[in-house]
Amino acid sequence: MGDRWHVEVDRSVCIGSGMCVLTAPGGFELDTARQSHPTEPETDANEKVLEAAEGCPVEAITITLAGGGEVVFPPED
C-alpha cells in the first residue's frame, strides 16, 4: 500500500489562478470565490497533485504524510 497524503490550500495566500485545477483535474476545485481547495483533503500519493503544488504561483499548497505530518511539499529548508 502506498503513502497517503493530507493536502491543504492556504486560502489566505491562494490567488485563484486555477493552475492546480488544470494540472491535477479532479484533485482541486475552485469555489465561487475562485479560491482553490482539494477535492479530498486526504488522498493517495499522486504525481499530478505534487505537480500542482510545485506549480502553484504563490505556493499556497501544502502536502504532508497523512497520520504522520511529515512534509512532502514544500521542501523544508
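**Figure 1. Thr64 in strand β5 of the predicted model.** Thr64 lies in strand β5 of a structure that is a predicted model. Its relative accessible area is 15%, so Thr64 is classed as buried, the cut-off being under 20%. Apart from residues up to four places away in sequence, Thr64 touches Arg4, Trp5 and His6 as well as Gly69, Glu70, Val71 and Val72.

Figure 2. Strand β1 comprises residues 4-9, with Trp5, Val7 and Val9 on a covered face and Arg4, His6 and Glu8 on an uncovered one. In a regular strand, side chains alternate between the two faces of the sheet. Strand β4 (residues 42-44) runs antiparallel to β1 and is joined to β1 by three bridges; within β4, Asp44 is the bridge partner of Arg4. Strand β5 (residues 61-65) is also paired with β1 in the antiparallel sense, over five bridges.

Figure 3. Strand β6 (residues 71-73) pairs with β5 over two bridges in the antiparallel sense. Ile63 stands opposite Phe73 of β6. The two strands form a hairpin with five residues between them, and Gly67 in the turn adopts a positive phi of about 85°. The peptide bond from Phe73 to Pro74 is cis, its omega being near 0°. Pro74 belongs to the segment after β6.

**Figure 4. Pro38 in strand β3.** Pro38 is part of strand β3, which covers residues 36-38. With a relative accessibility of 15%, Pro38 counts as buried. When neighbours within four places in sequence are left aside, the contacts of Pro38 are Val7, Val9, Gly27 and Phe28. Of these, Val7 and Val9 are on the covered face of β1. Asp3 is 35 residues from Pro38 along the chain, and the C-alpha atoms of the two residues are 17 Å apart.

**Figure 5. Ala60 and Glu59 in the loop between α2 and β5.** Ala60 sits in the loop that connects α2 (47-55) and β5, and Glu59 is found in the loop between α2 and β5 as well. Although Glu59 is not a glycine, its phi is positive, at about 50°. Leaving aside neighbours within four places in sequence, Ala60 contacts Glu8, Val9, Asp10, Val13 and Cys14. Between Ala60 and Leu30, which are 30 residues apart along the chain, the C-alpha separation is 13 Å.

**Figure 6. Arg34 in the loop between β2 and β3.** Arg34 occupies the loop between β2 (28-30) and β3. Phi of Arg34 is near 60°, a positive value in a residue other than glycine. With a relative accessible area of 46%, Arg34 is partly exposed.

Figure 7. Rolling a probe the size of a water molecule over the atoms shows where empty space is left. How many cavities of 30 Å³ or more are counted? The count comes to one, and the largest cavity holds about 90 Å³ of space. Its lining consists of 15 residues, and those nearest the centre are Cys14, Ser17, Cys20, Ser36 and Cys56. The lining divides into 11 nonpolar and four polar residues, with no charged ones. One of the residues nearest the cavity centre, Cys14, is also a contact of Ala60.

**Figure 8. The protein chain as context for the close-up views.** The chain contains two helices and six strands, arranged along the sequence in the pattern β-α-β-β-β-α-β-β. The C-alpha trace spans about 35 × 30 × 15 Å along its principal axes. Its radius of gyration is 11 Å, which agrees with the value near 11 Å for a compact globule with 77 residues. Buried residues account for 30% of the 77 residues. Of the contacts between residues at least 6 apart in sequence, 57% join residues at least 24 apart.

Note on methods. Residues numbered from 1 in each chain as written. Predicted model: local features only at pLDDT ≥ 70, side-chain atom pairs only at ≥ 80, totals over all residues. Heavy atoms only, no water. Buried < 20%, exposed > 50% of the residue type's maximum accessible area, 1.4 Å probe, protein only. Helix = DSSP H or I, 4+ residues; strand = E, 2+ residues; numbered from the N terminus. Pairing = 2+ DSSP bridges. 1 Å grid on protein atoms, 1.4 Å probe; cavity = no way out; pocket = protein on both sides within 12 Å on 5 of 7 lines; lining within 4 Å. Points joined across faces, edges and corners; volume = space filled by probe spheres on them. Nonpolar A, V, L, I, M, F, W, Y, C, P; charged D, E, K, R; others polar. Contact = heavy atoms within 4.5 Å. Rg over C-alpha atoms; globule rule 2.2 N^0.38 Å.
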